[in-house]
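Keep the structure open beside you as you read.

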Amino acid sequence: MLANKCCLGGQIGSGVNDVREKPNELVDEGNGGDGLHQIWGKWSRSVSMILETVSSVSVNQDAPPSPLEYFFLLSCPSPSWSSDNVIAQPEPVTSNVEPSKIEPIHRKPRILLAASGSVAAIKFGHLCKCFCEWAEVRAVATKSALHFIDKVTIPEDAILFTDEDEWSHWGKIGDCVLHIEMRRWADIMIIAPLSANTLGKIAGGLCDNLLTSIVRAWDYSKPVFVAPAMNTFMWNNPFTEKHLMSIDELGMTLIPPVTKRLACGDYGNGAMAEPSLINRTIRLFLEKHPLPDSSNW
Ligand SMILES: Cc1cc2nc3c(=O)[nH]c(=O)nc-3n(C[C@H](O)[C@H](O)[C@H](O)COP(=O)(O)O)c2cc1C
């Protein structure tokens, strides 16, 4: 439930978990009621699931895998998936092991960075680079985002996936489904930039590309952060408020846009937060709320 309504038109008083308006709540555990903490409280329940995924790693030693194969080898539950595994299987049943008795696994956090079709996607390569310095990164871009992304700016460590990968990889029942594997792999998802279109689609539950399919399949005990970027007219449009309220209810956290001269020449609110700020925000969040199995990053 939202405590405040969005107040668009300059000042954003959104009920969406807004890291700009409540920066201290990122570090203060005592204030309660904040979406970040609600998200984190739910996170602990996914410990067993993450451990199961990690323990299922199986790499073919004979031939070096392609980037896409590499991703799947790291994330598919079993090299011999049957059709039963693909179709409507429930989440892995959590084990009976008490959380305090689960041994932490030392690995970097797995961060899924996604870009949609805002002009701010020109900064996506830089954003990936920031995160690659301390996390394991996979990147996703929508078809529109690819107009703005110079692929050579994406670091080698951050494998970029597109809608084509989703379809080119899948051939028959039993093959891994990319959006499900990415959702399973990731500890946290960050959509930066978030376009007005993708915001609307997520709010409405639509899933017609890789990015929105991941979100539609997402386990909301794991955090999702969004950094919208759009023209001020779009940002101030009443749809934005409605859609932000919907994604707030899903538990997503807003990294709000800033006011400045936009790419189109207009001056106003709607520019994506700087990559360095996004990076710092997530890093601070994870430092204060470390993943149960990534204590060594
Ligand atoms: C040059 C150009 C710049 C654009 N910039 C933005 C933007 O900053 N924010 C936005 O929400 N949409 C922007 N759009 C519109 C989106 O690209 C369009 O809505 C697209 O369908 C988004 O697709 P996606 O959400 O699947 O990535 C821009 C379009 C063009 C042609």
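**Starting from one residue**

Ile111 has 25 C-beta neighbours inside 10 Å, so it counts as buried. The cut-offs behind that word go like this: a residue is buried if 20 or more other C-beta atoms lie within 10 Å of its own, exposed if 12 or fewer, and partly exposed in between, with C-beta atoms placed from the backbone. Before we go on, a note on counting: residues are numbered from 1 along each chain as its sequence is written. Also, this is a predicted model, where local features need pLDDT of at least 70, side-chain atom pairs count only at pLDDT 80 or more, and totals for chains, interfaces and linings use all residues.

So where does Ile111 sit? You'll find Ile111 in strand β2. Strands here (E, at least two residues) and helices (H or I, at least four) are DSSP runs, numbered from the N terminus. Leaving out residues up to four places away in sequence, Ile111 touches Phe131, Ala135, Glu136, Val137, Ala186, Asp187, Ile188 and Ile190. Touching, or being in contact, is when the C-beta atoms of two residues, placed from the backbone, lie within 7 Å. Ile111 and Arg138 are 27 residues apart in sequence, yet their C-alpha atoms are 6.5 Å apart in space.

**The strand and its surroundings**

Six of its six residues are buried, so β2 is largely enclosed by the rest of the structure. In a regular strand the side chains alternate between the two faces of the sheet. In β2, Arg110, Leu112 and Ala114 point one way, while Ile111, Leu113 and Ala115 point the other way.

Next to β2 runs β3, parallel to it and joined by six bridges; two strands pair if DSSP finds at least two bridges between them. Across from Leu113 you'll see Ala139 in β3.

Another enclosed helix is α7 (residues 178–185), where six of the eight residues are buried, so the rest of the structure largely encloses it. Among the buried residues of α7 are Leu178, His179 and Arg184.

**The core**

In soluble globular proteins, nonpolar side chains tend to be buried together. Here, the largest nonpolar core has 61 residues, and Leu113, Ala139, Met189, Ile190, Ala192, Val226 and Ala227 have the most contacts inside it. A core like this is a set of buried Ala, Val, Leu, Ile, Met, Phe, Trp, Tyr and Cys residues joined through C-beta atoms within 7 Å. Which strand gives the most to this core? That's β5 (residues 188–194), with six residues.

Pro193 lies in β5, and a cis peptide bond, with omega at about 5°, joins Ala192 to Pro193. Both Ala192 and Pro193 are touched by Ala227, whose other contacts beyond four places in sequence include Ile255 and Met272.

**Around the ligand**

Of the 15 residues around the ligand, Gly117, Ser118, Thr142, Ser195 and Asn197 come nearest. To belong here, a residue needs its C-beta atom, placed from the backbone, within 6 Å of the molecule. Helix α8 (residues 196–204) supplies the largest share of this shell, three residues.

**A hairpin, and a word on confidence**

Further along, β8 (residues 258–261) and β9 (residues 267–271) pair in the antiparallel sense over four bridges. Lys260 stands opposite Gly268, and Val258 has Ala271 as its bridge partner. Five residues lie between the strands of this hairpin, in which Gly265 takes a positive phi near 105°.

The protein averages 75, with 63% of the residues scoring at least 70. Over residues 1–15, pLDDT stays under 50, and over residues 20–62 it is below 50 as well.

Terms used
pLDDT = per-residue confidence, 0-100.
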